[in-house]
Protein chains: 2
Amino acid sequence: MKLRETTIATEKIYEGQIITVRKDTVALPNGGKSLREIVEHPGGVAVVAIDENEMVYMVRQYRHAFGDVVMEIPAGKLDDGEEPNDCCVRELAEETGLSAGRYDYLGKFMLSPGFCKEWIHIYLARDLSIGKAHLDPDEFLEVIKVPLSQLVAMIMDNKLQDAKTVMGILKAWVMIREEK
Amino acid sequence: MKLRETTIATEKIYEGQIITVRKDTVALPNGGKSLREIVEHPGGVAVVAIDENEMVYMVRQYRHAFGDVVMEIPAGKLDDGEEPNDCCVRELAEETGLSAGRYDYLGKFMLSPGFCKEWIHIYLARDLSIGKAHLDPDEFLEVIKVPLSQLVAMIMDNKLQDAKTVMGILKAWVMIREEK
C-alpha cells in the first residue's frame, strides 16, 4: 500500500528561539493535496537516575504551557551540534548535580509525530555520585528522590503524566527486573 | 520553593488549522523575565485495541514531520468540544473499523510540556467487533495485527519509537498481567 507523501511547497511561518514552524503542501498517495503544519524542535535528552536503593531523582518544575508544576525525570534540550550522550551527562549534572558511572540507552522517541519533529533520547544512569547543581538562569526546579516502585504505582494510577517520564520509568523498571 | 511563573505579555504568532503558536513574556520566581514559546494543540486520543488472543491492532502511516512511515496505535485529534471517550470510539472505528465492548482508561499524558500544550488520552479497548474502516480524505494507513508480547519486546529493543504507543502498550501489558 502506498503511504508516502511528497512536499510540493513549503512556507516558513516562524523561526523562534526554540521552535521553527512551517506549513507544507504535500501530494497525497492518491494524487490529492493536503496541508501539513510542522513544528521543528532541536530535540532533547531525559535521564532516569537511580541509586543503589532504587531511589529515582525526579525534578518538579513549573511548565508554562500547562500553567502547573509537573514532576518529571531530569531532561533538557540538545545544544547546537551536541551529541545526545554529552547532553545527558550535562543536563543530569546541571539539574541535579549528579554524575553517573554507568549509562544505558533506553531509546529515542517521537513525542507527537502528527505535527512535531522532536526526538527525545532517554538514558538510565546508575552508579551515581553527588555534586552541586548549576541551573540555567531562567530555570527553577526542585529535586526529590522517589522509590522506583512508587513511581511505577503512580503511573499505573494515572498520577504521572509526562510522556518521557512514563516511558523512561517503565522501561527502566522492566530492564532492571530482567537483569535480576 | 517558589516555582511558578506569571504571564506579563502574550503575542499571537500563528493560528493554523491544527496548531496555534504564541510567545509569552513571563516573570520568573526570582523576579527576572524570560520568553516562553508555546504551541497549542487540541489534543487527542489513542487506543490499545487488543483481541482475545492478545493481538493488538496497529496502524502504519506516513508521518510528514519525520519523512517516514511509523507504526503506532490508532489515534486521532479531538474535534471541537468532543469528549475523549467519544473521540476514542470514533477514531478506533474510522481507522480500523473496530468497535469495543469494554474500554479502560490508561490515563492522559503531556507529550512535550516544555513548549507544547497537548494532552493525549489513552484507552485500552477489548471485546472487539470488526466492521469497516472509513478514513478521512487525507488519511492513508495500513492496519496490522501484532502480538502484545512482540510489541513489548520491540519496545525493550528500542524498535517502537512513538511515545503514545510505548506508553499505551507498556501500561496495557502491566494492567493485563495484574488482572491474571
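Helices (H or I, at least four residues) and strands (E, at least two) are DSSP runs, numbered from the N terminus. With that in hand, select chain A: its elements run β-β-β-β-β-β-β-α-β-β-β-β-α-α from the N terminus on, which comes to three helices and 11 strands.

A word on ground rules. This is a predicted model, where local features need pLDDT of at least 70 and side-chain atom pairs count only at pLDDT 80 or more, while totals for chains, interfaces and linings use all residues. Residues are numbered from 1 along each chain as its sequence is written, chains are lettered from A and ligands numbered from 1 in the order in which they are written, and side-chain values use heavy atoms, with hydrogens and water left out.

Color chain A by pLDDT (the predictor's confidence in each residue, from 0 to 100). The average is 96, and 100% of the residues score at least 70. For the model, ipTM is 0.96 and pTM is 0.96. Zoom out, and the C-alpha trace of chain A spans about 60 × 40 × 30 Å along its principal axes.

**Stop 1: helices 2 and 3 of chain A**

Select residues 148-156 (helix 2) and 163-179 (helix 3) of chain A. Two packed helices are described by the angle between their axes and the distance between the axes. Here the angle is about 125° and the axes are 10 Å apart. (Axes are lines fitted to C-alpha atoms, for helices over the stretch in contact, and angles run from 0 to 180 degrees between N-to-C directions.) The two helices of chain A are therefore oblique to each other; angles under 35 degrees count as roughly parallel, over 145 as roughly antiparallel, 65 to 115 as roughly perpendicular and the rest as oblique.

The crossing of helix 2 and helix 3 of chain A is left-handed, meaning that the near helix is turned anticlockwise from the far one by less than a right angle (clockwise would be right-handed).

Now show side chains. Which residues of helix 2 of chain A make the contact? They are A:Leu148, A:Leu151, A:Val152 and A:Ile155, and helix 3 of chain A brings A:Val166, A:Ile169, A:Leu170, A:Trp173 and A:Ile176. Contact means heavy atoms within 4.5 Å.

**Stop 2: helix 3 against helix 3**

**Stop 3**

Finally, show both chains. A rotation of 180° with 0.0 Å of shift along its axis superposes chain B on chain A, at RMSD 0.0 Å (least squares on the C-alpha atoms of residues with pLDDT of at least 70 in both). The two copies are thus related as by a two-fold rotation axis. The same surface serves both copies, as 100% of the contact residues of chain B recur in chain A.
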